[in-house]
Amino acid sequence: MASNSSKTYARALGVLPGGNTRATTFVRPHPPYAAHGKGCRVTDTDGRTVIDCNNNYTSLIHGHADPHVLDAAERAGRQGTAFGLPTPYEVEMAEHLHSRTSIDHWRFCNSGTEAVMMLMRAARAYTGRDVVIRFEGSYHGTYEGVVNPVRAPGIPESTYQSIVVVPQHDLAALEEAMARIGSRVAAVLIDLVPNRAGMVPAEHQYLARLREITTEYGALLAIDEVISFRLAYGGFHQTYGVSPDLVSLAKIIGGGYPVGAIGGPREILDSFNPLHIGHGVSWGGTFSANPVTLAAGLEAMRRFDAAAIDRLNEMGDRLRKQLAAAGVWVRGHGSLIRLGMEDPQTGWWSLYSNGVLASSNGMMSLSTPMTDDDLEAITAGILRSEGVLREDG
């Protein structure tokens with residue numbers, strides 16, 4: 001008898017290309033389908049329950065169906081789910097992010113991809129330059145200007161006239177590129193813990209030099225904190241002692257709802273000021289700064305305080321230490337973990353059958369409902385799994 005997931009996938013093939021909307025959630029022959037989640041566990045339509053270390057690609061900082069977050073979203077939704085007017089929620093969220101990060105001004109959108117698009121528009125509008133430098137292998141969403149691999153299908157050749165890609169952590173290559181085209185560079189875009197490039201944190205000296213180089217050439221330093229914002233109260237960049245010109249956020253600041261944001265000083269984000277008639281950047285978005293999202297996000301962020309961050313980071317550090325001691329290839333920082341996978345498909349299914357939901361490339365993240373017992377269960381599940389890379393493998 002076919003499983004419920006197989007039946008759903010057969011239906012999906014009739015109306016979705018390959019039966020899929022999100023490439024990141026696809027595993028062969030087809031993924032299981034989620035039925036419901038609670039806390040740090042998710043149950044699929046075939047009745048299997050696993051510990052969720054994917055957390056919708058790091059966005060569910062308080063796990064599934066957190067009652068405080070749901071209550072906040074419901075209260076907002078009962079007053080109206082969306083308006084053709086601004087609401088106080090966007091002011092409150094901007095004030096909260098300002099108090100957390102000391103970054104002056106904010107604008108909201110609906111995803112990390114949109115946030116990076118808006119960040120790049122802001123950089124180009126402010127500097128009057130076209131070129132953005134980014135780093136090979138880093139993931140910044142699905143906008144055509146930041147897609148990997150370079151020269152991906154469906155992306156116009158003209159896109160690459162304004163995008164320059166340099167190797168990760170290669171200071172010589174970056175300095176060469178800036179010496180050659182620095183006067184045309186609007187921004188250098190970096191993810192400090194790039195998942196798809198192995199989740200190895202950038203070195204402090206490297207980021208400090210990057211700050212010097214961008215300042216020297218009049219370019220902006222743009223830090224993508226869509227994933228890494230969870231690692232420190234005001235963002236992971238604060239642990240480096242470096243102030244970016246622009247940051248992009250998403251994921252945890254939405255409380256499980258679609259969200260994106262950029263932050264920067266007044267003079268840069270003033271490019272979006274609607275009072276600059278005929279001279280500013282016009283940027284809308286029907287659901288940008290949605291009140292339900294921001295109400296949920298405010299509750300989630302207020303409860304993800306410094307103590308909660310320290311606890312979750314300590315758990316992540318402990319998990320990596322336990323896995324490394326057992327010979328597992330593991331990288332990351334704090335509550336972000338990256339397993340090495342010999343074969344992503346085999347590894348993903350083996351982890352899932354052993355009670356652990358990860359991403360298909362081995363990325364994992366922790367959530368606040370997790371306990372020490374959950375950590376032990378995650379460790380045991382990983383050590384039982386096939387396809388997980390070993391340091392000697």
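Modeller: Between domain 1 and domain 2 the count of salt bridges is zero. The model is a predicted one.

Biologist: What makes a pair count as a salt bridge?

Modeller: A side-chain nitrogen of Lys or Arg must lie within 4 Å of a carboxyl oxygen of Asp or Glu. Between domain 1 and domain 2 the count of such pairs is zero.

Biologist: How many residue pairs are in polar contact across the interface of domain 1 and domain 2?

Modeller: The rule finds eight, with both residues at pLDDT 80 or more. A polar contact needs a pair of N or O atoms within 3.5 Å.

Biologist: Which element gives the most to the side of domain 1 that touches domain 2?

Modeller: Helix 10 does, with five residues.

Biologist: What area do domain 1 and domain 2 bury between them?

Modeller: About 1,900 Å², with 60% of it on carbon and sulfur atoms. This is accessible area lost on being put together, summed over both parts. Of the area that domain 1 buries against domain 2, 26% comes from Ile309, His333 and Leu336, more than from any other three residues.

Biologist: How do you know that strand 11 and strand 12 pair?

Modeller: Pairing requires at least two bridges. Four bridges join strand 11 to strand 12, so the two strands pair. They run antiparallel, and Val330 stands opposite Leu339 in strand 12.

Biologist: What is the order of the strands in the open sheet?

Modeller: The order is 11-12-14. Strand 11 and strand 14 each have a single partner strand, so they stand at the edges.

Technical notes: Residues numbered from 1 in each chain as written. Predicted model: local features only at pLDDT ≥ 70, side-chain atom pairs only at ≥ 80, totals over all residues. Heavy atoms only, no water. Helix = DSSP H or I, 4+ residues; strand = E, 2+ residues; numbered from the N terminus. Buried area = accessible area lost by both parts, 1.4 Å probe. Polar contact = N/O pair within 3.5 Å; in protein donor to acceptor, adjacent residues only side chain to side chain.
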